[in-house]
Amino acid sequence: MTTQRKKILLTDYAWDDLAPEYARIEAAGHQLINFHKAHPSPEVITALCAEHRPQAVMTVWAIVNQQAIAHCEDLKIVARVGVGLDNIDRRAVAARGAIVTNVPDYCMEEMSDHAIALLLSWARRTVEYDREVKAGGWDPSRLGPRRMRNLTVGIAGCGRIGRLVARKLSGFGCKVLAYSRTPSRDVPGVEWVDFETLLERSDAVIGLLPLSPETRHIFDKRAFARMKPGSLLVNISRGPLVHNEDLIDALDAGRIGCAALDVIDGEPSPPAFVTAHPKVIATPHVAFSSPASVEELRERAFGEVIRVLAGEAPRNPVAPP
């Protein structure tokens with residue numbers, strides 16, 4: 001039986017070219033429509049949906065809102081080419097009778113490695129030493145590094161990636177605390193605590209919570225006031241978990257010692273008062289990235305769309321909110 005040709009709108013992408021995707025979609029009998037621009041606005045995505053009326057929408061970072069979905073009368077699927085779902089109006093998709101999918105576990109190794117790398121950069125002071133040496137300094141008696149096994153590390157949001165971070169931290173001998181809305185008691189060596197206790201007892205806090213109305217700006221002045229003086233905040237989940245102004249106030253006042261951020265509220269043009277701060281270590285939203293993880297992401301995200309358009313069940317459906 002021949003599958004009716006469908007339109008697939010890819011709003012944005014994070015790799016070099018789309019030749020494999022075009023070939024795969026054409027082989028499945030569908031049409032790939034691509035608008036390649038870094039972080040296209042919601043208005044642009046709405047206009048594209050109004051123009052093409054796609055049966056499938058795929059998004060990396062672009063926002064797919066109710067206005068865009070309203071133009072897709074025959075919508076079957078909105079596929080997040082990634083993990084988080086805060087850029088998709090899931091209620092509007094469900095109201096259309098369509099499916100939302102994501103790729104929830106493709107970059108677990110990379111994300112957990114990046115969290116550990118940022119923690120190590122702070123503990124061993126590698127970034128500070130590098131900045132000092134490049135400025136002409138050479139003073140090994142200054143900025144003493146920390147011993148990893150003496151640290152208590154708190155994981156805020158201990159899901160798939162958090163559990164892997166905990167496992168890797170065990171190799172360093174760290175004391176690991178964890179907070180989650182749905183604690184998993186089968187993680188060896190982890191002490192489950194509430195959020196406030198995690199803040200108060202941790203030398204370093206790793207933010208891995210999903211972004212939701214409840215978690216937006218969860219790291220604010222009240223949270224920083226509970227953290228240990230000189231402690232570290234790592235955020236590799238979503239930028240808006242952290243209130244930018246409150247963070248800088250806490251760093252300037254010495255309430256915390258450092259922030260290591262792979263995501264920042266305001267990206268892709270994060271505020272310079274955050275990125276340029278001397279107590280901030282920043283990377284450009286690359287915790288998910290490696291050749292292996294991106295290849296897996298592309299394969300699995302496009303596979304979901306092709307399956308759904310063929311009338312098959314997706315492998316990673318997301319329940320309506």
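Modeller: Three bridges join strand E1 (residues 7–10) to E3, and the two run parallel. Keep in mind that this is a predicted model.

Colleague: Which residue stands opposite Val-57?

Modeller: Leu-9 stands opposite Val-57 in E3.

Colleague: How many bridges join E3 to strand E4?

Modeller: Four bridges join E3 to E4 (residues 77–80), and these strands also run parallel. Within E4, Ala-79 is the bridge partner of Met-58.

Colleague: Which residues of E3 sit on each face?

Modeller: Ala-56 and Met-58 lie on one side, Val-57 and Thr-59 on the other. Both faces are covered, and all four residues are buried.

Colleague: Take Thr-59. Why does Thr-59 count as buried?

Modeller: Buried means under 20% relative accessible area. Thr-59 is buried because its relative accessible area is 0%. Thr-59 belongs to strand E3 (residues 56–59).

Colleague: What does the side chain of Thr-59 reach?

Modeller: The backbone oxygen of Ala-62, at 2.6 Å. Neighbours within four places in sequence aside, the contacts of Thr-59 include Thr-11, Asp-12, Ala-79 and Ile-88.

Colleague: Now helix H10. Which of its residues are buried?

Modeller: H10 spans residues 244–253. Asn-244, Asp-246, Leu-247, Ile-248, Ala-250 and Leu-251 are buried there. Their cover includes helix H9 (221–226), strand E11 (258–261), helix H11 (272–275) and strand E12 (280–282).

Colleague: What follows H10?

Modeller: Gly-254, whose phi is positive, near 75°.

Colleague: Why does Asn-244 count as buried?

Modeller: Apply the cut-off again: under 20% is buried. Asn-244 has 9% relative accessibility, so Asn-244 counts as buried. The side chain of Asn-244 reaches the backbone oxygen of Asp-265 at 3.0 Å. Asp-265 is also among the contacts of Asn-244 once neighbours within four places in sequence are set aside. Others in that list include Ile-264, Pro-271 and Phe-273.

Colleague: Last, pockets. How do I read one?

Modeller: Rolling a probe the size of a water molecule over the atoms shows where empty space is left. Here, the second largest pocket holds about 200 Å³ of space.

Colleague: Which residues lie nearest the centre of the second largest pocket?

Modeller: Asp-262, Glu-267, Pro-268, Pro-284 and His-285. They belong to a lining of 16 residues.

Colleague: How many lining residues of the second largest pocket are nonpolar, polar and charged?

Modeller: The lining has 10 nonpolar, four polar and two charged residues.

Conventions. Residues are numbered from 1 along each chain as its sequence is written. This is a predicted model: local features need pLDDT of at least 70, side-chain atom pairs count only at pLDDT 80 or more; totals for chains, interfaces and linings use all residues. Side-chain values use heavy atoms; hydrogens and water are left out. On a 1 Å grid over the protein atoms alone, a cavity is a set of points where a 1.4 Å probe fits but cannot get out, and a pocket is an open set with protein on both sides within 12 Å along at least five of seven lines; lining residues have an atom within 4 Å of a point. Grid points are joined across faces, edges and corners, and a volume is the space filled by probe spheres set on the points. Ala, Val, Leu, Ile, Met, Phe, Trp, Tyr, Cys and Pro count as nonpolar, Asp, Glu, Lys and Arg as charged, and the others, Gly among them, as polar. Buried means under 20% relative accessible area, exposed over 50%, partly exposed in between (1.4 Å probe, protein chains only). A polar contact is a pair of N or O atoms within 3.5 Å; within protein, one must be able to donate a hydrogen and the other to accept it, and residues adjacent in sequence count only if both atoms are side-chain atoms. Contact means heavy atoms within 4.5 Å. Two strands pair if DSSP finds at least two bridges between them.
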